[in-house]
Amino acid sequence: MKICFLIADISGRGGTERATSMIANGLSDRQYKVDIITCRNEPESFFCLNKNIRIYSLEAEKISNKFVRKFINFLKIWKLISDKEYDVVIAVDVYIFYYLLPVKIIKRCHCIAWEHFNYHIANKKFSKLARKLAVTFADQVIVLGKQDLNNYMHEHRSANNINFIYNPIAFEKSVNENIRNHRVIAAGRLTEQKGFDLLIDAWKIIEKENEDLDWTLDIFGEGELDIQLKNQISEYGLERIHLKGYTKDLKKEYLNASIFVLSSRYEGFGLVLIEALACGLPCVSFDCPEGPGEIIEHNTNGYLVENGNAMQLANKIMELMRDEEIRERFSANAHNNLQRFELREVLNSWEALLASYSKPNGNRIDEELKLL
């Protein structure tokens with residue numbers, strides 16, 4: 001079977017690009033013919049891809065007029081899909097599914113919309129329209145978890161083409177031997193969504209209540225709020241918190257910490273939580289939409305606190321800091337129920353989905369075009 005992923009920019013180094021690379025590699029290893037179409041930038045992936053995966057770039061960034069750019073993208077995508085005769089094309093992020101409407105309507109191939117945000121993240125008219133088009137025309141809309149599946153089904157009650165497949169853990173499960181380290185970590189893009197300003201508010205409470213604090217908080221990531229967050233730390237006079245920038249080896253940082261914190265206002269799912277648990281880390285997280293409540297077992301491998309409540313976040317972090325026995329118990333339970341996120345299980349779900357499709361009769365395209 002010939003599979004193609006259509007993505008905005010495969011050269012990015014975020015969770016969407018990493019998940020796409022992992023699924024593409026996994027399907028390639030299972031003898032699928034896999035290509036990737038990237039709308040922007042050079043045909044190079046930040047994450048390693050199997051050598052037999054071909055990337056085609058539309059080089060959309062070279063066209064300044066957005067209307068001309070979209071029209072040219074439509075034509076290039078149509079030509080690639082027609083020439084390569086893909087059986088299934090997967091739009092990575094629902095908002096670019098509209099590029100596949102012509103090939104879907106003409107029945108050139110099967111089309112899947114793969115959601116990477118929770119349903120309520122974007123409420124702009126275009127986002128609502130993109131989701132409605134996906135639910136109406138896609139063979140399948142794949143969301144990242146059960147909670148978001150419920151969101152979709154609540155809004156599209158008559159739809160029968162929506163399902164969920166988890167994103168995979170990026171590395172093997174490990175035992176954390178440094179659970180006694182006095183180090184808290186967090187990771188993510190330095191954006192409003194990730195709520196690091198709220199985490200800094202919580203850490204201010206922690207430093208104020210612990211004059212002889214010997215714990216540190218390291219935040220890994222980069223983004224547009226870097227200077228703003230540094231100014232917030234400086235304004236509060238905090239001495240035990242550090243913005244560490246981007247790291248290529250986040251697993252190493254997980255394994256050298258004893259608590260992980262997720263302070264996001266909202267999530268697509270919360271892959272960093274799964275990674276932290278895979279590394280045996282007790283977690284403290286806002287119970288934000290969507291994901292943390294589906295990942296953390298409260299009071300078993302971590303704590304869920306009221307979304308946006310910095311005081312509750314601080315209190316639960318301090319509870320773990322002060323009680324080594326709880327940290328060790330949470331760490332021992334961290335791998336509970338993680339099998340559902342392992343790459344093998346996730347690939348099995350994708351294979352079961354893809355197996356339900358056989359290639360449409362491509363020879364019908366000319367006849368159908370004549371009827372338009």
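Strand β1, residues 2-7, runs parallel to β4, and four bridges join the two; strands here are DSSP E runs of at least two residues, helices H or I runs of at least four, both numbered from the N terminus, and two strands pair if DSSP finds at least two bridges between them. Ile3 has Val88 of β4 as its bridge partner. Strand β5, residues 110-114, is also parallel to β4, through five bridges, with Val92 opposite Trp114.

Before going on: this is a predicted model, where local features need pLDDT of at least 70, side-chain atom pairs count only at pLDDT 80 or more, and totals for chains, interfaces and linings use all residues. Residues are numbered from 1 along each chain as its sequence is written, and side-chain values use heavy atoms, leaving out hydrogens and water.

Back to β4, residues 88-92: five of its five residues are buried, meaning under 20% relative accessible area with a 1.4 Å probe, protein chains only. In a regular strand, side chains alternate between the two faces of the sheet. In β4, Val88, Ile90 and Val92 are buried on one side, Val89 and Ala91 on the other.

Now helix α11, residues 310-322. Its buried residues are Ala310, Leu313, Ala314, Ile317, Met318, Leu320 and Met321. They fall within an arc of 160° seen down the axis, so they line one face of α11; the arc is taken from the directions from the helix axis to the C-beta atoms.

Ala310 and Met318 also belong to a second, separate core of 36 residues, a nonpolar core being buried Ala, Val, Leu, Ile, Met, Phe, Trp, Tyr and Cys residues joined through side-chain atoms within 4.5 Å.

Methods
Buried < 20%, exposed > 50% of the residue type's maximum accessible area, 1.4 Å probe, protein only.
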